[in-house]
Amino acid sequence: MRAAAAQDGIVLLPLSGFRSVARQTVLIRAKLAAGQSLESILQLVAAPGFSEHHTGYALDIGSPEDMRLAEKFDRTAAFRWLRRQAGKFGFRLTFPRVNPHGIAFEPWHWCWHAGAA
Ligand SMILES: [Zn+2]
């Protein structure tokens, strides 16, 4: 998929992929230690054991225009390209603006599904 994007002049940067349950716990503990409430944290980060990143099929993708995994990634050319093309490679946007998971819009988070292409 990265090569196909490059042919269209789009640079896709894989920023985060596989993440263990232990790593997920560390991420959440760090946010709690920084004073965030568990409720607000869980709107952005799945509870340990529930993240698609544990499967190894999820990818957080950035572009040189925006590498911060922020909502404004949806305004980049890379996101527009992913919207049009990622499905051909079996990748789906897990958390669109309105989703049944109660997770905030994550334009950077794409997950590969067998047979989705
Ligand atoms: Zn993600």
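**Note on the pocket, the zinc site and selected loop residues**

1. The lining of the largest pocket comprises nine nonpolar, five polar and five charged residues. In this classification Ala, Val, Leu, Ile, Met, Phe, Trp, Tyr, Cys and Pro are nonpolar, Asp, Glu, Lys and Arg are charged, and the others, Gly among them, are polar. The model is a predicted one, in which local features need pLDDT of at least 70, side-chain atom pairs count only at pLDDT 80 or more, and totals for chains, interfaces and linings use all residues. Residues are numbered from 1 along each chain as its sequence is written, and side-chain values use heavy atoms, with hydrogens and water left out.

2. The largest pocket holds about 340 Å³ of space. A pocket is an open set of points on a 1 Å grid over the protein atoms alone, where a 1.4 Å probe fits and protein lies on both sides within 12 Å along at least five of seven lines; lining residues have an atom within 4 Å of a point. Grid points are joined across faces, edges and corners, and the volume is the space filled by probe spheres set on the points.

3. Of the 19 residues that line the largest pocket, Arg-19, Leu-44, Val-45, Asp-60 and Glu-106 lie nearest its centre. Helix H2 (residues 21–33) supplies the largest share of this lining, three residues. Helices (H or I, at least four residues) and strands (E, at least two) are DSSP runs, numbered from the N terminus.

4. The chain is assigned to domain 1 (1–17 + 56–117) and domain 2 (20–51), with bounds that come from an automatic or database domain assignment. Taken over C-alpha atoms, the centres of the two domains are 22 Å apart. Both domain 1 and domain 2 give residues to the lining of the largest pocket, so the pocket lies between them.

5. The zinc ion has His-53 (NE2), Asp-60 (OD) and His-109 (ND1) as its protein donors, at 2.0 to 2.1 Å. Donors are N, O and S atoms within 2.8 Å of the metal (3.2 Å for Na, K and Ca); water is not among the atoms, so sites may look incomplete. The spacing of the donor residues in sequence is H-x6-D-x48-H. Asp-60 belongs to strand S2 (residues 58–62) and His-109 to strand S4 (residues 109–112), so this pair ties together parts that are 49 residues apart in sequence.

6. Buried means under 20% relative accessible area, exposed over 50%, and partly exposed in between (1.4 Å probe, protein chains only).

7. Glu-106 sits in the loop between strand S3 (91–93) and S4 and is buried, with a relative accessible area of 5%. Apart from neighbours within four places in sequence, Glu-106 makes contact with Leu-44, Leu-93 and Phe-95, contact being heavy atoms within 4.5 Å.

8. Phe-18, in the loop between strand S1 (13–16) and H2, is exposed at 58% relative accessibility. With neighbours within four places in sequence set aside, the contacts of Phe-18 are His-53, His-54 and Gly-56; His-53 is also one of the zinc donors.

9. Tyr-57 occupies the loop between helix H3 (38–42) and S2 and is partly exposed, with a relative accessible area of 45%. Beyond neighbours within four places in sequence, Tyr-57 is in contact with Glu-52, Phe-91, Trp-110, Cys-111 and Trp-112.

10. Arg-75 lies in the loop between S2 and helix H4 (77–85) and counts as exposed, at 64% relative accessibility. Arg-75 and Trp-110 are 35 residues apart along the chain, and 16 Å separates their C-alpha atoms.
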